[in-house]
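This report goes through a protein structure piece by piece. Please look at the sequence and the model before reading on.

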Amino acid sequence: MANSDQNRDVFPDDVSIDDDTSVISTRGLEAFGRKVTTTASHLIGPITDPTSHPHYQTAMTEIHKQLQKPTLQRGVFAIARTTPTDLVRSKLSSKEIQSRALAYVPDELLRNIPASSNSYSLFQGFQASFPDFADDGKKHKRRVSRGRKMLDESPVQPGSPHAVQRLKKDKASMMHQLEMLGVRKNMASSEIREIDNKIANLHGMRKIILDRLANLEKEEAVLEHDIMDVESRLDEAQELADEAESLAMATPNKSEEDLSRTEEGFMSQSIYEKLPAATTPPGKKKPRNHRKKTLPILHEHFEPGTMIRSMRAHQDNITALDFDAPFGLMVSAAMDDSVRVWDLNAGRCIGTLEGHTASVRTLQIEDNFLATGSMDATIKLWDLSKAHYDPQGSQEVDEEDEDLAFVNPNDHAVDPPAGSMADCPLFTLEAHLDEITALHFRGDVLVSGSADKTLRQWDLTKGRCVQTLDVMWAAAQATAMGSSDGPWRQTSRSADGSADFVGALQVFESALACGTADGMVRLWDLRSGQVHRSLVGHTGPVTCLQFDDVHLVTGSLDRSIRIWDLRTGSIFDAYAYDHPITSMMFDTRRIVCAAGEDVVKVYDKVEGRHWDCGAGITEAEKAKSPAIVERVRIRDGYMVEGRQDGVVGVWTC
């Protein structure tokens, strides 16, 4: 009984192959196969009733006897309980299973093998790259016995067969290494070509996305223009409603008039009360400040030094220009006595400002407000939000020429709509006795400098001058008080006749910085009207300046740009150029200046490097020589430069 229990626990695979009773044995398999063959032949044979045939009955009897054996029953039951995975693992080794799994490739993959232009196979590539891994660890190298090393290192006669064999072996090894190096070189070349293809695809995708971004910004500009139009109409409607309501409250009804007449007596009302009240004319409404709700970012994705567009703005030397924001509005003035407003997003002129009787020498645009100073000694304020124009150019352009609003391939100016700027003038400031050479405004305060050697402070809410500063008197006061800056002095560098007495100025609340023809930079306090510091360093007239919280940057005809520390009044840094500085401006990262060349000089404060940007570089490849840059402005890496031939270029910087 114990033996029978032990036999039950034995797995069928553990039964010996020589056991005749086992179905796994050779003899058992042969007997079982013969019986099955006999049974099958009788089943498919031409017998009408197979059960009545003696051979069939004998075969079925033998099969029944075999099935009644306990060993066969346990084997069948064990196979039924075993999964196919266990069956494979019991018959195959782990290495054979791994080899079959790696070597198996579906027929679909074999049919879709891509064509390769490589001159080497996959195995050659693996063989060529394998030494890179084998060199790091010694364990991959083949071990050589000590005796073999001694035989290889033993001296060999040059003419002996062993020497020839060794040389042939060395040659074969070197040729193999040379072949592997060629394979690795081809692999590296293929990788480079693949990377180049990926870069080309990425450039194509980048261009598509840039075009998409440009279209989005165009739609954004049009929508913002429509919003401003709706807001202005809403303000006008609200004002009309308020006036109607005030008139209705001020007008008495009929019952009140009858009551007042009955209560009147003889001399019961003073003669002064009977006089009509003096009605003051209603003042002009304060212009509204329209600040941009969105800022374009397209120029940030261009390579620095890329030209966005070039426009023929005027036919003469550009004297002043400024713009409010990237792809926004730009105003340019030239010696042809014209002042034009441009839509930088569309690249077209939207109108001409008329009112000055001479050329405009200086201007500034802030949001929708513009201040212009002219040689006719007047300053005019403009509200550009009142301009009547369509950013898409649908007012003057037919449907067939609809693309002229944004594309101007022949560089011909598109005439703006007539009277598009008729409602833009606000008021005129008149007090100077000579031409206006510099101005700057912030908020409701505007300061102007003139060739009459005075500075004037203006209140823009009232439209009148509130303070006059005499530069010559300030210099005389400094001499009388024994200041270190001394009296008005003639600069060592002889200035030409175009040097302005007041070259540049900037105001911030009560602080005013002014650069004059004697090379001095004076810092004024508008509350007291006094100079509280003078910066001495330039040897030529100061033509441009700008300051922030810490530094003041000045440009002069002495061919230098100086950076001053406002906390100490000392020079922080200075840069020299080959020609006089006529214009300068800086943003958070760059200082750009026009230095009498056909390019703009750029200094990157972050990287600490100087580089050139402008048509002088791009046109040199076409054997052309552009005009000298006269004016330059920059905001957030978006640069606009005006040249002596009236061309305006827009660049990323």
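The model is predicted, with local features needing pLDDT of at least 70 and side-chain atom pairs counting only at pLDDT 80 or more, while totals for chains, interfaces and linings use all residues. Residues are numbered from 1 along each chain as its sequence is written, and side-chain values use heavy atoms, with hydrogens and water left out.

## Helix α3

Helices (H or I, at least four residues) and strands (E, at least two) are DSSP runs, numbered from the N terminus. The expected span of a helix is 1.5 Å times one less than its number of residues. Helix α3 has 14 residues, 54–67, and should therefore span 20 Å; its end C-alpha atoms are 20 Å apart, which agrees.

Buried means under 20% relative accessible area, exposed means over 50%, and partly exposed lies in between (1.4 Å probe, protein chains only). In α3 the buried residues are Tyr-56, Ala-59 and Ile-63. They cover an arc of only 65° around the axis, so they are on the same side of α3. That arc is taken from the directions from the helix axis to the C-beta atoms. An α-helix has 3.6 residues a turn, so residues three or four places apart point the same way.

## The sheet of β6 to β9

Two strands pair if DSSP finds at least two bridges between them. An open sheet is formed by 4 strands in the order β6-β7-β8-β9, with antiparallel pairing. The edges are β6 and β9 (425–430); each has a single partner strand, so one side of each is left without a neighbour in the sheet. From one strand to the next, the twist averages 15°. For such angles, axes are lines fitted to C-alpha atoms, for helices over the stretch in contact, and the angles run from 0 to 180 degrees between N-to-C directions.

Strand β6 (residues 360–366) is mostly covered, since 6 of its 7 residues are buried. Its antiparallel pairing with β7 (residues 369–374) has 6 bridges, and Glu-366 stands opposite Phe-369 in β7. The hairpin of β6 and β7 has 2 residues between the strands, and there Asp-367 takes a positive phi near 60°. Further on, β8 and β9 run antiparallel and are joined by 5 bridges. Leu-381 has Phe-427 in β9 as its bridge partner.

Ala-377 sits in the loop between β7 and β8 (378–383). Ala-377 is not a glycine, yet its phi is positive, at about 70°. With a relative accessible area of 13%, Ala-377 is buried. Another case is Asp-636, also not a glycine, with a positive phi near 55°. Asp-636 lies in the loop between β26 (629–635) and β27 (638–643), and its 47% relative accessibility makes it partly exposed.

## The sheet of β10 to β13

Another open sheet has 4 strands in the order β10-β11-β12-β13, and here too the pairing is antiparallel. At its edges stand β10 (436–442) and β13 (464–470), each with a single partner strand, so one side of each has no neighbour in the sheet. The twist here averages 20° from one strand to the next. Over 6 bridges, β12 (residues 454–459) pairs with β13 in the antiparallel sense. Asp-459 is opposite Arg-464 in β13.

## Salt bridges

A salt bridge is a side-chain nitrogen of Lys or Arg within 4 Å of a carboxyl oxygen of Asp or Glu. By this rule there are 17 salt bridges, including those in the table.

| Asp-322 | Arg-633 | 3.4 Å |

Asp-322 is buried, at 1% relative accessible area, whereas Arg-633 is partly exposed, at 22%. Asp-518 is buried at 1%, and Arg-522 is buried at 2%. A network of salt bridges links Arg-589, Asp-604, Glu-607 and Arg-609.

## Cysteines

How many disulfides does a search of the whole structure find? It finds 0, where a disulfide is a pair of cysteine sulfur atoms within 2.5 Å. The cysteine sulfur closest to that of Cys-544 is in Cys-593, 7.7 Å away, which is too far for a bond. Cys-544 is buried, with a relative accessible area of 6%. Cys-424 is buried as well, at 0% relative accessibility.
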